[in-house]
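Hi,

Here is the structure I promised to pass on. Have a look at it first, and then read my notes below.

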Amino acid sequence: MQQKVQFVSAMIHDPELLILDEPFSGLDPVNVDLLKEIILEQHEKGKTIVFSTHIMEQVEKLCEYICLINRGKKVLDGRLSDVKHSYGTNTIALEFDGEADFLDDKTLVGGVDRYGNYAEVTLAEGVEARQLLERAVASGCNLKRFQVMEPTLHNIFINIVGKEAA
């Protein structure tokens with residue numbers, strides 16, 4: 001409730017600039033949707049909105065321009081679509097029934113985020129999507145979805161921060 005009151009009090013004066021720090025933190029799904037609608041309305045009115053969050057999925061859904069910061073230093077900035085495009089299309093979304101042991105093959109897979117019967121796969125260097133598809137089919141895995149996609153902002157951030165740490 002306190003977060004909603006703070007947001008309303010900030011909006012009373014119809015500011016040209018909104019600075020929101022983790023605006024959805026602690027809100028239930030109904031209020032998240034309400035706040036999201038208000039943010040998008042303000043954007044449509046031409047307001048500038050600075051949005052700070054650790055939840056990359058929110059950034060992908062709400063932001064046009066991004067600035068990724070790690071340990072107080074800018075590591076990446078630009079139009080979200082350009083950033084995602086610059087990291088290629090070496091990410092595959094898979095949905096499947098059964099075992100997916102082929103995802104453990106390091107000659108094909110550079111990294112994988114598994115969520116039960118769904119996985120987001122980063123291909124190993126030099127591997128093409130069709131090679132992973134052929135291996136999946138040959139394994140007898142029942143594929144429900146195989147989609148080549150741009151990498152998630154979460155994975156881009158991990159990639160950059162991981163390289164910086166090394």
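Which residues of the largest nonpolar core touch the most other members? They are Leu35, Phe51, Val59, Ile66, Leu68, Leu76 and Leu153, out of 22 residues in that core. A nonpolar core here is a set of buried Ala, Val, Leu, Ile, Met, Phe, Trp, Tyr and Cys residues joined through side-chain atoms within 4.5 Å. Buried means under 20% relative accessible area, exposed means over 50%, and partly exposed is in between (1.4 Å probe, protein chains only).

Before the rest, a word on where this comes from. This is a predicted model, so local features need pLDDT of at least 70 and side-chain atom pairs count only at pLDDT 80 or more, while totals for chains, interfaces and linings use all residues. Residues are numbered from 1 along each chain as its sequence is written, and side-chain values use heavy atoms, with hydrogens and water left out.

H6 supplies the largest share, four residues. Helices (H or I, at least four residues) and strands (E, at least two) are DSSP runs, numbered from the N terminus. Another core lies apart from this one; it has 17 residues, among them Leu94, Leu103, Ala136 and Cys141. As background, nonpolar side chains tend to be buried together in soluble globular proteins.

Leaving aside neighbours within four places in sequence, Ile66 is in contact (heavy atoms within 4.5 Å) with Val59, Leu76, Asp77, Gly78, Leu80, Val83 and Leu153.

Gln42, in helix H2, counts as buried because its relative accessibility is 5%. With residues up to four places away in sequence not counted, Gln42 touches Met11, Asp14, Leu18, Lys47 and Ile49.

**Aromatic pairs**

There are two aromatic pairs. The rule is that rings of Phe, Tyr and Trp (its six-membered ring) pair if their centres lie within 6.5 Å; planes under 30 degrees apart count as stacked, over 60 as edge-to-face and the rest as tilted. Phe24 and Phe51 have ring centres 6.0 Å apart and planes at 70 degrees, so they are edge-to-face. This pair links distant parts of the chain, 27 residues apart: Phe24 is in the loop between S1 and helix H2 (29–44), and Phe51 is in strand S2 (residues 48–52). Both count as buried, Phe24 at 7% relative accessibility and Phe51 at 17%. As for Tyr115 and Tyr118, the ring centres are 6.1 Å apart and the planes are at 35 degrees, so that pair is tilted.

**Salt bridges**

How many salt bridges does the count come to? The answer is 10, taking a salt bridge as a side-chain nitrogen of Lys or Arg within 4 Å of a carboxyl oxygen of Asp or Glu.

- Lys144 and Asp97 meet at 3.4 Å, N to O. The pair links distant parts of the chain, with Lys144 in strand S8 (residues 142–149) and Asp97 in strand S5 (residues 91–97), 47 residues apart. Lys144 is exposed at 53%, whereas Asp97 is partly exposed at 30%.
- Lys74 and Asp77 meet at 3.5 Å, N to O. Lys74 is exposed, at 52% relative accessible area, and Asp77 is partly exposed at 42%.
- Arg130 and Glu134 have their closest N and O atoms 3.6 Å apart. Both lie in helix H5 (residues 129–138), four residues apart, about one turn of the helix.
- Asp14, Glu16 and Lys47 are linked in a network of salt bridges.

Most residues other than glycine have a negative phi. Glu22, in the loop between S1 and H2, has a positive phi near 50 degrees. Arg71 also has a positive phi, near 55 degrees; this residue is found in the loop between S3 and S4 and is exposed, with a relative accessible area of 79%.

That's the tour.

Cheers
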